[in-house]
Amino acid sequence: MQPRILELRTKILKKNDELARQLRAEFARWGVFVLNVVAGPGAGKTELLARTLSCLNAGYRAAAVVGDLATENDAARLAASGSDVKQILTGTMCHLEAEMVRGAIADWDLNGCDFLFIENVGNLVCPSSWDLGEDLRVLLCAVTEGEDKPLKYPTLINTADLVLISKTDLAAAVEFDVAATLKNIQLVRPGVPVLLVSAKTGQGMDDWLAFLKLRREEKQQRWNTDNSAARDSKSLS
Amino acid sequence: MHELSVAQCVVDEACKAAAKEGAARVTKLWLRIGALAGIVEEALRFCFDVAAEGTACQGAALEIERVDLSVMCENCRQPRTLAERFLFVCPECGSPTPEILAGQELELVSLEITADAAADS
């Protein structure tokens, strides 16, 4: 038989995209606002999340899953906040995929949970193409990483919905140039909001928490509007 | 090395589609990869050979079409192609260009399939 051509025109990551879509729908139904936190190793993801969870626990229910190649150290650090926390061990995998998130939250009841933080594997390249069903992708850049980090890793930064410049308590010690960094971030992701934060001193934490709460409320409102619109169209038909 | 995950997905999708058509083997695959997709072509080719081993895709050729990063310049009202440095500013007028038109593709475009089980050996 002669070989023949089969047209597919399909997305290579179709399976992950579909799973992420299902997760996103479930998260919306449960009313949980989901963040995918990405950064290079050592940018301060876990320290920021530990402080964020502790702050949110007064008044909100928050949970976290954390991805690492090895060790459960980060989960232990985050669990100290009192939140539900689960570690995903990826072995040699450099990023999280939707399937891993689904597996990690499978035995949790997230109905009524306000925030779910997904701490991705420390990597500034690989997580970019994998949708985890998140509402917001937050990228951390520590002042210790230098001003040109955004220019060096444009593919991941270009997918960020929010950039946090972290470890600002060390800014003076490393002679960090805030203006140059902000300019570089806007060059690779024009229009992205940027916040400065120090999990150690608490500087900027209020703005970050206010941003989270606002985005969560906006999502709730959208969800309520969509649902009442769906109910209306049902009662009309 | 996320290219291994991508290669695994390529092989899975291709094998699934080929089986549905009753084909025994995939002899060639055409992919479209955007410049902003973060894929190193050499790494993907290497990983593809590894992922394809023992499957219907084993030994298949990989044709990769690179798609340039293009954006819309609102100021010039013109689409613009950006160079590999990925600075999202219009090369003509210098305005920020957040709107991406192409360059994020990770697509399996088509396959060459055959009912013959073995290669021409």
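At what angle do the axes of α1(A) and helix α4 of chain A cross, and within what distance do they come? The axes of α1(A) and α4(A) (residues 98-105) cross at roughly 40° and come within 8 Å. Axes here are lines fitted to C-alpha atoms, for helices over the stretch in contact, and angles run from 0 to 180 degrees between N-to-C directions. Two packed helices are described by the angle between their axes and the distance between the axes. Helices (H or I, at least four residues) and strands (E, at least two) are DSSP runs, numbered from the N terminus.

The model is predicted: local features need pLDDT of at least 70, side-chain atom pairs count only at pLDDT 80 or more, and totals for chains, interfaces and linings use all residues. Residues are numbered from 1 along each chain as its sequence is written, while chains are lettered from A and ligands numbered from 1 in the order in which they are written. The predictor gives the complex an ipTM of 0.91 and a pTM of 0.93. Chain B has an average pLDDT (the predictor's confidence in each residue, from 0 to 100) of 94. In chain B, 96% of the residues score at least 70.

The helix pair in chain A can be described residue by residue. From α1(A), the residues A:N16, A:L19, A:A20 and A:L23 meet A:A98, A:E99, A:V101 and A:R102 of α4(A). Two residues are in contact if their C-beta atoms, placed from the backbone, lie within 7 Å. By class, five residues of this contact are nonpolar, one is polar and two are charged. Ala, Val, Leu, Ile, Met, Phe, Trp, Tyr, Cys and Pro count as nonpolar; Asp, Glu, Lys and Arg count as charged; the others, Gly among them, count as polar.

The two chains also touch. Chain A gives 28 residues to the contact, and chain B gives 30 residues. On the side of chain A that touches chain B, β1 (4-11), α1 (14-30), α6 (154-157) and α7 (178-188) each supply at least two residues. The largest share, eight residues, comes from β1(A). This side of chain A has 14 nonpolar, eight polar and six charged residues.

Strand β1(A) also takes part in a sheet with chain B. Six bridges join β1(A) to β6(B) (residues 106-114), and the two strands run antiparallel. Within this pair, A:E7 stands opposite B:S110. Two strands pair if DSSP finds at least two bridges between them. The open sheet has four strands in the order β1(A)-β6(B)-β1(B)-β2(B), with mixed pairing. Its edges are β1 of chain A and β2 (61-67) of chain B; each has a single partner strand, so one side of each is left without a neighbour in the sheet. From one strand to the next, the twist averages 15°. Within chain B, seven bridges join β1(B) (residues 25-34) to β2(B), and these strands run parallel. The bridge partner of B:K28 in β2(B) is B:A61.

Chain B also contains an open sheet of three strands, in the order β4-β3-β5, with antiparallel pairing. Here β4 (78-82) and β5 (100-102) are the edge strands, and each pairs on one side only. The twist in this sheet averages 40° from one strand to the next. Five bridges join β3(B) (residues 69-73) to β4(B). In this pair, B:C73 has B:Q78 as its bridge partner.

In chain A, strand β7 (residues 162-166) is mostly covered, with four of its five residues buried. A residue is buried if 20 or more other C-beta atoms lie within 10 Å of its own, exposed if 12 or fewer, and partly exposed in between; C-beta atoms are placed from the backbone. Five bridges join β6(A) (residues 136-142) to β7(A), in parallel. There A:L139 stands opposite A:V163. Three bridges join β7(A) to β8(A) (residues 194-196), also running parallel. In that pair A:L164 stands opposite A:L195. The chain crosses from β7(A) through α7(A) to β8(A), and this β-α-β crossover is right-handed. Right-handed means that, with the strands pointing away from the viewer, the path from the first strand over the helix to the second runs clockwise.

The loop between β7 and α7 of chain A holds A:K167. It also holds A:E175. A:K167 has a positive phi of about 60° although it is not a glycine. A:E175, also not a glycine, has a positive phi near 50°. A:K167 counts as buried, because it has 27 C-beta neighbours inside 10 Å. A:E175 is exposed, with 8 other C-beta atoms within 10 Å.
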